[in-house]
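User: Hi! Could you walk me through this model?
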Amino acid sequence: MGPLTIVLALLAALSNASASVLQRRAATDEEQRAAADEEDGRGEARRAVRWLSKVTRRPHWLIGTSLLVVSSLLQASALSVGSLAVVQPLLTTELLFTLVVGSLVFHHRPDRRTWLAFAALGLGLALFLAAAAPSTGVTTAPGGLWLMAGGALLVLVALLVGLARVRSGAPRAALLGLASAVSFACTAALMKEVVGRIPQGPAAVFGHWSLYATAVAGLLSFLLLQGAFRAGSLTASQPALTLGDALTSVALGWALFDERIGLGVRVVPELIGVLLIGAGSIGLASAPSVSGAWDTAPEQPADAGRNP
């Protein structure tokens, strides 16, 4: 776990967090119009398409999308020098960056309980990575393993989306956030496959299915993420998004790229780290400073903000 991997992964986390906050800000700016569409009796699919077409024109959304591109480049760079089981767990620091950036964008300062929750997240992450000491593994995976892993992930995402369709509010946002997390973890694994083929030359990259599967998985992740932003607050979707991404990535690193984590006596501090991460996530979701209207545009009253 070299310092370059850590720096690149942390920069990717900061960029991801900033993108999430800015796109959520755009979503809150568009909520009034979405509410009006519901009153007009439009179908769910039509409302979703109309909402997406409107929100993608907002400056906050466009800047956030640009930051997602930057984050992808930083993530690819981190994966080129480090393992999937290291890079993706480091991206859980996105939760901390989300709070900091969100406090600036939405003008709501966090309280002590919130900071304690993030301290637990940071300590748990450091403890897990130090104890697990994931190995680098191989750079590419056999097609048979990809077929099995891809099929399992597709079924899981379909199940989560199906459950989300019959929920509303925070549960729906969390389920879509988790579905997006699984998709983003798959995208990261595919990205690692593509990066691992670069030394073999352009033909090995552009002639292999993984490059095009990365684009498809990335698009699916992006659409699921927009659905999570529309469904509810960042405090519901972001913990599921970041932690689900990290855990799925550790599993994919083990299954596809032969990345191993320390076992034996190391399991104890690893479990403590996971428990601290979970406690921090729960503490964040229930913290007073990030509940309710924490991520609502400060200058936009509840009865205003309708676009012409």
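User: Which helices each supply at least two residues of the lining of the second largest pocket?
Analyst: Helices H1 (3-39), H3 (59-81), H8 (169-197), H10 (209-231) and H11 (234-257) each supply at least two. Helices are DSSP runs of H or I with at least four residues, numbered from the N terminus. The model is predicted, so local features need pLDDT of at least 70 and side-chain atom pairs pLDDT 80 or more, while totals for chains, interfaces and linings use all residues. Residues are numbered from 1 along each chain as its sequence is written, and side-chain values use heavy atoms, without hydrogens and water.
User: Which residues lie nearest the centre of the second largest pocket?
Analyst: Asn16, Leu68, Ser72, Phe184 and Gly218, out of 24 lining residues. A pocket here is an open set of points on a 1 Å grid over the protein atoms alone, where a 1.4 Å probe fits, with protein on both sides within 12 Å along at least five of seven lines; lining residues have an atom within 4 Å of a point.
User: And what classes does the lining divide into?
Analyst: The lining has 10 nonpolar, 12 polar and two charged residues. Ala, Val, Leu, Ile, Met, Phe, Trp, Tyr, Cys and Pro count as nonpolar, Asp, Glu, Lys and Arg as charged, and the others, Gly among them, as polar.
User: New topic: at what angle do H7 and H8 cross?
Analyst: Roughly 160 degrees, and the axes of H7 (residues 143-165) and H8 come within 8 Å. Axes are lines fitted to C-alpha atoms over the stretch in contact, with angles from 0 to 180 degrees between N-to-C directions. H7 and H8 are therefore roughly antiparallel (over 145 degrees).

Technical notes. Parallel < 35°, antiparallel > 145°, perpendicular 65-115°, else oblique.
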